[in-house]
Amino acid sequence: MENKIKPATGKLGVLVVGLGGAVSSTFVVGTLAVRKGLSKPIGSITQLATMRLGKREENNFPKIKDVVPLTDLNDIVFGGWDIFPENVYDASVHAEVLSEKDLNGVKEELQAIKPMPAAFDHDWVKRLNGTHIKQAANRWELTEALRKDIRDFKAANNCERVVVIWSASTEVYLPLCAEHDSIESIEKAMKEDRRDVISPSMCYAYAAIAEGAPFIMGAPNLCVDTPAMWEFAEKNKVAI
C-alpha cells in the first residue's frame, strides 16, 4: 500500500482559543519545558506512547513518533486568542496551576506569546466578561477577521501548517437546528448575524476549516458536530 502521509517538515503553528486559560497555559508551558530539557513529557501520546508493529510475539513496540511523521517539538510555534490581553507567563501565574519554579525556566518564551483579541459573546459564556475582544458588524465579518488572524500568524511565523485548538470555556447549550444543516445555511445565518444559532466557537471552526487548518474542539460545544461543518471539512479535506 502506498504511503500517502506527507513528512512533517517546517514549522507547525498551534493556535489556541483561550490561550490564557489554566489548561492551555499549562499545555504551552509543558511543551516548552520539555523541549528545553527541563521536564519529561509524561502522559504525552505523541512523545512517549508506543505502538505494536507486526505480530505480538515479534515484540516490536516502537514509539509512535518514530513511526508516524509528527512535528518535532522544536518546530512548534504557539499563538492564539484570549478575552484578556495578558501574555502567557502572566496568565499562567494568575492561573496558579504551576509554580513559579516551573514557569521561570521558560519565562522569556512565555512572555513573548501574546494573545490576539478574541471572538467573544457574553451571551454564550455568561460568567465571563472579556476586555480583549474583536468588534465586528456580524458573525460573518467576525469569522473573516479570524481567518485573517490565522493567515497573518502563519506568515509572520513562517509556518508550513497551522492547527486550531478550542481550549476556552464551554458555551451555553445549543440544540441542532436548520441553520446547521449545510454550508449554505450556516453561511447565510452568519451573514444575517444570527447570534442565537451561530456561536463564537462555530466562527473559529469555520475560519480554521476555510484556511485549511485542522480544528480540535476541547469542550462539549455543539460547534463541529453539525452537518454543515462535516460537509465543509470534507469539502476542504480538513480534519476536525
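Mentor: Happy to. Let's begin with α6 and α8: α6 passes α8 in a crossing that is right-handed. Keep in mind that this is a predicted model.

Trainee: Good to know. What are the angle and the axis distance for α6 and α8?

Mentor: They pack at an angle of about 50°, and their axes are 8 Å apart. Angles under 35 degrees would count as roughly parallel and 65 to 115 as roughly perpendicular, so α6 and α8 are oblique to each other.

Trainee: Which residues make the contact between α6 and α8?

Mentor: From α6 you have Arg139, Trp140, Leu142, Thr143, Leu146, Arg147 and Ile150. On the α8 side they are Pro200, Cys203, Tyr204, Tyr206, Ala207, Ala208 and Ala210.

Trainee: And how do the residues of that contact divide by class?

Mentor: The contact of α6 with α8 has 11 nonpolar residues, one polar and two charged.

Trainee: OK, what about α8 and α9? At what angle do their axes cross?

Mentor: The axes of α8 and α9, the helix of residues 227-236, cross at roughly 15° and come within 9 Å. With under 35 degrees as the cut-off, α8 and α9 are therefore roughly parallel to each other. Their crossing is left-handed.

Trainee: Who meets whom there, in α8 and α9?

Mentor: Met202, Ala205, Tyr206, Ile209 and Ala210 in α8 meet Met229, Phe232, Ala233 and Asn236 in α9. By class, this contact of α8 with α9 has eight nonpolar residues, one polar and no charged ones.

Trainee: Then there's α7. How does it cross α8, left-handed or right-handed?

Mentor: The crossing of α7 and α8 is left-handed. On the α7 side the contact is made by Ile186, Glu187 and Met190, and on the α8 side by Met202, Cys203 and Tyr206. That gives five nonpolar residues, no polar ones and one charged.

Trainee: And the geometry of α7 and α8?

Mentor: The axes of α7 (residues 183-191) and α8 (residues 200-210) come within 12 Å and cross at roughly 120°. α7 and α8 are therefore oblique to each other.

Trainee: Let's switch to the core. How many residues are in the largest nonpolar core?

Mentor: It has 47 residues, and those with the most contacts inside it are Trp81, Val164, Tyr204 and Phe215. Several elements give two or more residues to this core, among them β1, β2, α6, β4 and α9.

Trainee: Which element gives the largest share of that core?

Mentor: That's α8, with nine residues.

Trainee: Can you zoom in on Val164? What does it touch?

Mentor: Leaving out residues up to four places away in sequence, Val164 touches Leu15, Val17, Trp81, Ile150, Ala208, Ala213, Pro214, Phe215 and Ile216. There is also a second, separate core of 19 residues, which includes Val28, Ile113, Val163 and Ile165.

Trainee: Nice. Now some backbone angles: what is phi for Asn158?

Mentor: Phi of Asn158 is near 55°, a positive value in a residue other than glycine. For context, most residues other than glycine have a negative phi.

Trainee: Where is Asn158 found, and is it buried or exposed?

Mentor: Asn158 is in the loop between α6 and β4. It counts as exposed, because its relative accessibility is 58% and the cut-off is over 50%. Asp193, also not a glycine, has a positive phi of about 55° too. Asp193 sits in the loop between α7 and α8 and is partly exposed, with a relative accessible area of 23%.

Trainee: Last topic: loops. What is Gly105 in contact with?

Mentor: Setting aside neighbours within four places in sequence, Gly105 is in contact with Lys36 and Leu38. Gly105 lies in the loop between α4 and α5, and its C-alpha atom is 8.6 Å from that of Lys36, 69 residues away along the chain. Gly105 is partly exposed, at 28% relative accessible area.

Trainee: And how far apart are Tyr173 and Pro220?

Mentor: Tyr173 and Pro220 are 47 residues apart in sequence and 8.9 Å apart in space, C-alpha to C-alpha. Tyr173 is in the loop between β4 and α7, and it is exposed, with a relative accessible area of 73%.

Note on methods. Residues numbered from 1 in each chain as written. Predicted model: local features only at pLDDT ≥ 70, side-chain atom pairs only at ≥ 80, totals over all residues. Heavy atoms only, no water. Axes fitted to C-alpha atoms, helices over the stretch in contact; angles between N-to-C directions. Helix = DSSP H or I, 4+ residues; strand = E, 2+ residues; numbered from the N terminus. Parallel < 35°, antiparallel > 145°, perpendicular 65-115°, else oblique. Left-handed = near helix turned anticlockwise from the far one by under 90°. Contact = heavy atoms within 4.5 Å. Nonpolar A, V, L, I, M, F, W, Y, C, P; charged D, E, K, R; others polar. Buried < 20%, exposed > 50% of the residue type's maximum accessible area, 1.4 Å probe, protein only. Core = buried A, V, L, I, M, F, W, Y, C linked by side-chain atoms within 4.5 Å.
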